[in-house]
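Subject: Structure handover

Hello,

Here is the structure we spoke about. My notes on its contacts follow below.

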Amino acid sequence: MTDTILALQDVHKSFGEAKIIQNANLDVHRGERHAIIGPNGAGKSTLFHLCSGQFAPTSGKIVLNGKNIAGLKPAEVNRLGLARSFQITNIFPGVTVLENLRLAVMRKHNLQFVFWRSAARLKKVNQEVDDLLTKIRLTERAHSLASEMSYSEQRSLEIGMTLASDPQVILLDEPMAGMSQEETDYTSGLIREITDGRTLLIVEHDMSVVFSLAHRISVLVYGEIIATGTPEESAPMPA
Amino acid sequence: MKIGTLAILTIGVALLLALPWLVSDSMLNAAVQMLIAALFAMAFGLLCGRAGMLSFGHAAYFGVGAFAAVHAMNAFNGEGLLPTPLLPLVGAGTGMISGLIAGYFSTKRTGVYFAMITLALAELLHALAPHLKAVFGGEAGISSFRMPAWGFTFGSLSEVYYLTLIWTLGCILLLYLFSKTPLGRLALGLRENAHRMRFLGYNTHALGTLIFAVSAMFAGIAGALQSLNLEAANYVVLESHISTAVVLNSFIGGVRVFFGPAIGGALMTFFGYITSDLTRVWLLYQGIIFVLVMMFMPRGIVGEVIERFRHSSLRGLAQTAGTMALRVASLAIAAFGGVFMIEFIQRFLSSDYRATAGNGNWPDIALFSYVWSPVSVLPWAFGIGLFAIGIALTMIVNRRAAAAQEASA
């Protein structure tokens, strides 16, 4: 467990005068589930934006699989094996759930500029879409418009789309926000299942989820990572 | 429902094939223009309806195809590599290339900024065209002749009609198949959420450019068909009202449903063809139709029809049909009153009338085979009265329908 898959090295991010991330250093080990906790406004989402290519860091390195990805575009980062979900649901609202997942899956099979095959007859894609639908418990809603689903169903879809590219590293930004206890339990189990063999970096406010799910926890306060440790080490800390 | 759609399509195509035996030559001429407008609107619909990119400059690609075709007609004389029936391929090629170039720049932005870039590029071409006489032929434009090929003379209107029909139907079929391919599906992703597409690993700029180019290609084919039909091209095809018309037509038909733009383009071309002979203010009516459709049927005509069929049982449909008939009848009364008022005022304000009127002398105005005095209360009461009665009847019908729906729910 000492193999580092994602590393932040002296990462800074400022927006004008405001320093959002300061001197962040973080090693995420291959295969671990790593949670980031911290108060509102600590910069957790900004940290995700930096890792996924939404923003370029002002200074510092972000290393994925030995390659510096700081400043790469989101699509390039995704193709290097890192996929993310969003805190605010970010799906394709005007098309069906099935279409949402198909759009997400096709990229992996390099079906971007293909205009001589029927999308409905892509066997591998269809199979994977079906599997994803089963996993996120949305098989029965496959033909509903994504915009017409409940909030928690949309959150599940969000996770399904993040999974679609079969990424090595998954970033989940508050996946349980707004879910009921039953849904949270299910999603927690789902995350455990889908991250088997992958690396997870998760931001979550529900501490019971964090402590049951994460191998290690990092605490982010005012843009700085002040501590990293196992749940046992972190528990007594006032987070 | 699938069988229903197929049946409607078959009947439609059969009617189109039989059209030369069914209508007069002047109607057939209108039909050729309707087909071209339908194809042009379908090309626009791919870009705007499916990929969510509202172009305000699609006349540019239509025009490029039109001029390329007219030059090719003159260069090849309808022989050799490019016989007359294959000339639209030139429109396709040039439309695609110009679409790739324009699309590369315009799809770097989205929304309003995208629309502004397409508008600017089209206006640039339109402003440049009169100065490039060798390419665009100046004020007079460039003319040519359809040459015989493959045993057809292409001298008769029905041959031109069939040529246009085959190309239009073929292109619409291709557009349909395109919508089913991975690239065609990804167009939906661009429309719905380009931001998420990037995080899924897609190159949204390249996707946007390609879809823009495909749309421009079909617009170019429509332009080439127009050149074949008119045996000429003039730089007025680059004017902004051509770009505007395709936007309005597509939205009236329903830009998000597959056949919507085609129906809108054909209907509004037919409407223009009929009304431009009858009244000077036909553009005003076109504008009123657009505003009314957008206010009361924002999905467009085809979109609204599909929606009604989708959400209703057979018994409900019969009920809806009854309500619809009443609604149409009351609206017709209102429309007649409205048209009467518009025509009366138009005649009253026209310069012809002003020349004869004055000094307290107000001659009668002839309208709908009667003469009306503008100083009498009669024509005003007649027009406004009918309009008001029609609107009141519509409101009663609507209220009853709503009450019936509530009672059944």
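Two residues are taken to be in contact if their C-beta atoms, placed from the backbone, lie within 7 Å. By that rule, 30 residues of chain A and 22 residues of chain B make up the contact between the chains. On the side of chain A that touches chain B, helix 2 (74-79) and helix 3 (97-106) of chain A are the elements that give two or more residues. Helix 3 of chain A gives the largest share of that side, five residues. (Helices are DSSP runs of H or I with at least four residues, strands are runs of E with at least two, and both are numbered from the N terminus.) By type, the residues of chain A that touch chain B are 17 nonpolar, seven polar and six charged. Here Ala, Val, Leu, Ile, Met, Phe, Trp, Tyr, Cys and Pro count as nonpolar, Asp, Glu, Lys and Arg as charged, and the others, Gly among them, as polar.

A note on the source: this is a predicted model, in which local features need pLDDT of at least 70 and side-chain atom pairs count only at pLDDT 80 or more, while totals for chains, interfaces and linings use all residues. Residues are numbered from 1 along each chain as its sequence is written, and chains are lettered from A and ligands numbered from 1 in the order in which they are written.

Within chain A, domain 1 covers 1-81 + 169-239 and domain 2 covers 94-166; these bounds come from an automatic or database domain assignment. The C-alpha centres of the two domains of chain A lie 25 Å apart. Their contact takes 11 residues from domain 1 of chain A and 10 residues from domain 2 of chain A.

Regards
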